[in-house]
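Hi everyone, thanks for making time for this one. I'd like to walk you through a single structure, so let me put it up on the screen.

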Amino acid sequence: MHLLDIDQLRTFVAIADTGSFTRAAEIVHKTQSAVSMQMKRLEDRVGRAIFERDGRLSKLTDEGERLLDYARRIVRLNAECMASFNEHELTGRVRLGLPDDYADRYLPEILARFSRSNPKAEVTVVCEPSHNLIERVQHGDLDLAIITHVDRRGPSEIVRIEQLLWVTSARHGVHEESPVPLALGRPNCDWRHSATEALESADRAFRVAYVSYHSTAVGAAVLAGLAVSVLPESAVRPGMRILGPSDGFPALPSCKIGLIRARGEENPLADALGFHIKQSLDNLGSTRPMAPLAAE
């Protein structure tokens, strides 16, 4: 059995990320001929061609695309393993983005774990909607971000899955009104799309009464008995009542929570924070049984 070489995989990922052997060589600090030799040896190890010519350019074969998924995970796991042993040496600043919905629930545990292991590190936190965070990571303004994963926006590392739920005030009957008033995110919010599509499919009349990017404002409208909204399970707060089909509200899809990272040179501090993010979200558990994953 042939063992994969982590250095070759790291170079392979750099080529896939940059789209160029030349730019990848700069990232991994090797000559272009050394990079080409590494890829020839990697192809020999897996016994498949992982690149093919497309005019003057090289592109991944189907086997190369399959290897890329494994290579990313292996390289990331190796970096996280080393970061977990070297955390006491890490200093500097790391930039994390996440929507405020997730910040309320996840950030205290994440920061507590990370700060205990990296007391000299500085964490800058930015709270914005997922589509804004994706652009910030792509432009290098953030080192990593926790986002709501949607396939059309590109790949992310899925770190948690939660059920989306209808919520109303436990002390009011606004959910019985027709049309039912809703408190939702902006028009490009995926949870908003899920909510309105579900009600339209069920022929339930509704009107959008309150709109905000911020979960605090949406939650305030719900708790005041002014509107019904949709939230992931972990964001349901005391004073809210969960609605279901018996109340006239159809089942909603699950919410996939993903982790994305900036491309480029290795960032041990970001790797260490990513490790703690995954550990924290895994340890949070669930307050109710997880519903089957629905199609997005």
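Let's begin with the spacing: the centres of domain 1 and domain 2, taken over C-alpha atoms, are 33 Å apart. Domain 1 covers residues 6-85 of the protein chain, and domain 2 covers 89-284. Please keep in mind that this is a predicted model.

How far can we trust it, then? The average pLDDT of the protein chain is 86, and 92% of the residues score at least 70. One stretch to treat with care is 286-296, where the pLDDT is below 50. Even so, that stretch has 22 contacts in the model beyond near neighbours in sequence.

A word on convention: interface size is often quoted as the accessible area that is lost when the parts come together. Here domain 1 and domain 2 bury about 870 Å² between them, with 52% of it on carbon and sulfur atoms. Which elements give two or more residues to the side of domain 1 that touches domain 2? They are α1, residues 6-18, and α4, residues 62-86. The largest share of that side comes from α4, with six residues. Sorted by class, the side of domain 1 that touches domain 2 has three nonpolar, two polar and five charged residues.

In terms of contacts, ten residues of domain 1 touch ten residues of domain 2. And how many salt bridges are there between domain 1 and domain 2? The count is zero.

For the model as a whole, the count comes to 14 salt bridges. As a reminder, side chains of opposite charge can pair when their charged atoms come close.

My last stop is proline 250, in the loop between β10 (240-243) and β11 (254-261). What does proline 250 touch, leaving aside its neighbours within four places in sequence? The partners are Trp166, Ala198, Leu199 and Ala202. For alanine 202, the C-alpha separation from proline 250 is 6.9 Å, and the two are 48 residues apart along the chain.

Note on methods:
Residues are numbered from 1 along each chain as its sequence is written. This is a predicted model: local features need pLDDT of at least 70, side-chain atom pairs count only at pLDDT 80 or more; totals for chains, interfaces and linings use all residues. Side-chain values use heavy atoms; hydrogens and water are left out. Domain bounds come from an automatic or database domain assignment. Contact means heavy atoms within 4.5 Å. Buried area is the accessible area (1.4 Å probe) that two parts lose on being put together, summed over both. A salt bridge is a side-chain nitrogen of Lys or Arg within 4 Å of a carboxyl oxygen of Asp or Glu. Helices (H or I, at least four residues) and strands (E, at least two) are DSSP runs, numbered from the N terminus. Ala, Val, Leu, Ile, Met, Phe, Trp, Tyr, Cys and Pro count as nonpolar, Asp, Glu, Lys and Arg as charged, and the others, Gly among them, as polar. pLDDT is the predictor's confidence in each residue, from 0 to 100.
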